[in-house]
Amino acid sequence: MNTIQHWVNGEFYQGTPDGTIPVENPATGEIEGELLKASAADLDHTVQVAVEAQKEWAKFSLAKRTAILFKMRELVLANQDELAKAIVAEHGKDYSDALGEIQRGRETLDFACGINAALKGEYSYDVSSGVDVHSLRQPVGVVAGIAPFNFPVMVPMWMHPIALATGNAFILKPASPTPTASLIVARLYKEAGLPDGVFNVLSGDRHSVTRILEHPGIDAISFVGSTPVAHIIQDTGTKHGKRVQALGGANNHAIVLPDADLEFAAKHISAAAFGAAGERCMALPVVVAVGGIGDKLAGLVKENGEKIKVGPGLNEGVQMGPVISAAAKKRIVGLVDDAEKQGANVVLDGRDLVIEGNENGHFIGPTIVTNVPTDSDLYKDEVFGPVLTIVEADTYEEAINLVNSSEFGNGAAIFTNDGGMARKFKMEVEAGMVGINVPIPTPVAYYSFGGWKESLLGDHHIHGPEGVNFYTRAKAITTRWPSESGAYEATMSFAREE
């Protein structure tokens, strides 16, 4: 049995664990490793290491920091096969999708390599006689990142490159089902020349998360995960005086208008709904078909869904792997079962899919459900599986009301060839990320990622300019040099010039 340790102060660290967590291969259902659970003493030690390392790291010039990040970028490229195979083994997604995840994560490294421009301050000369004002941004200190299982490389990379580039130390708490990729990243940072203790990986369970949220040595928390947990992160972290960015769940909708190219829309909807087995917060689980096109659209999406090859992620030609666990599969299948009992029509059914040779894997085939009641859990909840719900609306106005009635507001899209309707939609839809004929509108790394409503708690989106602001504190400096400006009388009131 492979024992998966932590990474602290530039090396593997065992500490004094509170036990272990089994790590499973979801394609086989077999336990292939045991993950050490960090104890309170392990966290104390890691924070102490990070605090001391950060003091020195913050003194590094921007030129030295970015040189390390440039080297890290090249190492990620050179080792992407190792990273991708670790993702496939623990998450289950297919190899090509794993490589795509690494590429999108590397975009944030690219942005961080140019952090010099993002940290430029402002300067105002002679705001009053002989008085100048300038601004700068400084690191917040020690930052912790709490990551989800579905993107073991990309989502943490939305956090740590910018945190490190701006002078912070970072403690990553990876998701328990998918810890290995983070340890590879830690090793690569060391090879890139990052000082020991600046980047650390500490694994554990919900008790470990609570300790991170309450630890006085941690200054800020980045979180991506479900909305119920995001509320806990936000409430507990802020209660303990921490800066918090907490990104929650989603139930993204796409409106398809009658004038859209339906074959084009069907191909992209199929990829968006079933890619990564639907386990992404920017997946497309709900389509609103407008003006009587629902049956035709469902048929076209079904044609595409039936072509998707499902199986273990390293097998030739596989396009979709398993879901993460037996419990996840049971929940997803249960949502479809319940909707069917309420009158929904399952037009493509992947619930009973069995992969020969991998009978114990957690596989669900692409599934399409129509005539879904809008009060059903399948419609309202975040499914996080390869299930597409198609509902119908007579008009655009009815459709946009459906989209905006969701408690989530992460992403939303429209398929249309009418520029006026697209413009209307992008202004009216209540979502933080919007696609026009783009079903998964995840912005590139030099923009910021984040939704509205229950999809984002607090004010801080992740990566891009808002990421820089989150990981730094602004400071304004007002200066006067008497030898340059002459003598001035002091005053007990606000200084003013007539």
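These legends accompany several close-up views of a predicted model. Residues are numbered from 1 along each chain as its sequence is written, and side-chain values use heavy atoms, with hydrogens and water left out. Because the model is predicted, local features need pLDDT of at least 70 and side-chain atom pairs count only at pLDDT 80 or more, while totals for chains, interfaces and linings use all residues.

View A. Welcome to the loop between β20 (433-436) and β21 (452-453), where phenylalanine 449 sits; strands are DSSP runs of E, at least two residues, numbered from the N terminus. Phenylalanine 449 has 1% relative accessibility, so it counts as buried (under 20% relative accessible area, 1.4 Å probe, protein chains only). Leaving aside residues up to four places away in sequence, its contacts include Trp158, Leu247, Cys281, Met433 and His461 (heavy atoms within 4.5 Å). Valine 131 lies 318 residues away in sequence and 39 Å away in space from phenylalanine 449, C-alpha to C-alpha.

**View B. Two cysteines.** Cysteine 281, one of the residues touching phenylalanine 449, is buried at a relative accessible area of 17%. Cysteine 113 is buried too, at 7%. The structure holds 0 disulfides (pairs of cysteine sulfur atoms within 2.5 Å).

**View C. An open sheet of 3 strands.** Here the order is β1-β5-β4, with mixed pairing (two strands pair if DSSP finds at least two bridges between them). At the edges are β1 (2-4) and β4 (20-25), each pairing on one side only. Strand β1 runs parallel to β5 (residues 30-36), joined by 3 bridges. Look for threonine 3, whose bridge partner in β5 is glutamate 34.

Note on methods
Helix = DSSP H or I, 4+ residues; strand = E, 2+ residues; numbered from the N terminus. Buried < 20%, exposed > 50% of the residue type's maximum accessible area, 1.4 Å probe, protein only.
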